[in-house]
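The following report is meant for someone meeting this structure for the first time.

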Amino acid sequence: GGATRDGSPISPSRADRLDDATVGLSGYPPPHLRWRPFRALGAGADRFKAAGVSNMVDFRATGAAMPRMLVVIDEFHELFNGDDEQAREAVRLLEMIARQGRSAGIHLLLASQTVSGIGARSSKADAIFSQFPLRLSLKNNPAESQAILAPQNKAAADLRYRGEFVFNRDSGDERSNERGVAAYAEPDVFRAAQVRMRLARPGSPPRIFYARRPASWRFEHLT
């Protein structure tokens, strides 16, 4: 089941046609939405092979165009909860994108309020996190600081100001810590930025798929 961000319902069969929409997921990715980044991954590999190259940089050097894709997963720690087949499949897909996506221009941004304890729930957590040299943490406790940045890196626990953060470009190596303060966007500024981005991409409005909401089947959209 699902619904668009503007409130109109969509069905699973219609959802698999959302090639030009920004799709967000609430709950585990269902099979009919799961494929989009992986189709891009496979298509990229085919185009690289045909051009005799192995990555996006070399492919673009031939004069061919290929867009990048940014996959944002909020509260990603939920993917590691549970020990059923669905949870294991979610982690497997995440690991695949983390390992293979960069060369095809598919990038991951993982966000969460808590990541400590993930390693104890999944043997793949360290393998996935090792693919992320860029790490950022707001103020938290020593355990969370080390889980986000790196073992023994407790710098985020020493932060004092609202919006202050630790940014690290070297997989959490403490010697590479940089401190900064995130800018606060007033609601009207944020809204104006949303409008500008929306106008820059005309067409159908962005859609969001809610896995736990019943779908309203509109057969005219399935033809």
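## Salt bridges and their surroundings

At 45% relative accessibility, Arg99 counts as partly exposed, a class that lies between buried (under 20% relative accessible area) and exposed (over 50%), with a 1.4 Å probe and protein chains only. The model is a predicted one, in which local features need pLDDT of at least 70 and side-chain atom pairs count only at pLDDT 80 or more, while totals for chains, interfaces and linings use all residues. Residues are numbered from 1 along each chain as its sequence is written, and side-chain values use heavy atoms, with hydrogens and water left out.

Arg99 forms a salt bridge with Glu95, a term that stands for a side-chain nitrogen of Lys or Arg within 4 Å of a carboxyl oxygen of Asp or Glu. The two residues are four residues apart in helix H4, and so about one helical turn separates them. An α-helix has 3.6 residues a turn, so residues three or four places apart point the same way. Glu95 counts as buried, at 11% relative accessibility, and a network of salt bridges links Glu95, Arg99 and Lys124.

The structure holds seven salt bridges, among them the three pairs below.

| Pair | N to O distance |
|---|---|
| Glu85 and Arg88 | 3.4 Å |
| Arg99 and Glu95 | 3.1 Å |
| Arg179 and Glu164 | 3.5 Å |

Glu85 and Arg88 both lie in helix H4 (residues 85-100), three residues apart, which is about one turn of the helix; helices are DSSP runs of H or I with at least four residues, strands are runs of E with at least two, and both are numbered from the N terminus. Glu85 is exposed, with a relative accessible area of 52%, whereas Arg88 is partly exposed at 41%.

Arg179 and Glu164 also form a salt bridge. This pair links distant parts of the chain, with Arg179 in strand S7 (residues 177-181) and Glu164 in strand S6, 15 residues apart. Arg179 is exposed, having a relative accessible area of 51%, while Glu164 is buried, at 8%.

Asn168 belongs to strand S6 (residues 164-168) and is buried, with a relative accessible area of 0%. Its side chain reaches the backbone nitrogen of Gly172 at 2.9 Å. Leaving aside neighbours within four places in sequence, Asn168 is in contact (heavy atoms within 4.5 Å) with residues including Pro133, Leu149, Asn153 and Asp173.

The loop between S6 and S7 contains Ser171, a residue other than glycine whose phi has a positive value near 55°. Ser171 is partly exposed, with a relative accessible area of 30%.

Glu75 is found in the loop between strand S3 (69-74) and H4, and with a relative accessible area of 25% Glu75 is partly exposed.

Gly52 sits in the loop between helix H2 (31-51) and helix H3 (56-61), where Gly52 counts as exposed because its relative accessibility is 66%. The C-alpha atoms of Gly52 and Thr62 are separated by 10.0 Å, the two residues being 10 residues apart along the chain.

Helix H8 (residues 187-199) has 13 residues and reaches 18 Å from its first C-alpha to its last, close to the 18 Å expected at 1.5 Å a residue, where the expected span is 1.5 Å times one less than the number of residues. H8 is hardly covered, since the count of buried residues among its 13 residues is zero.

Technical notes: A polar contact is a pair of N or O atoms within 3.5 Å; within protein, one must be able to donate a hydrogen and the other to accept it, and residues adjacent in sequence count only if both atoms are side-chain atoms.
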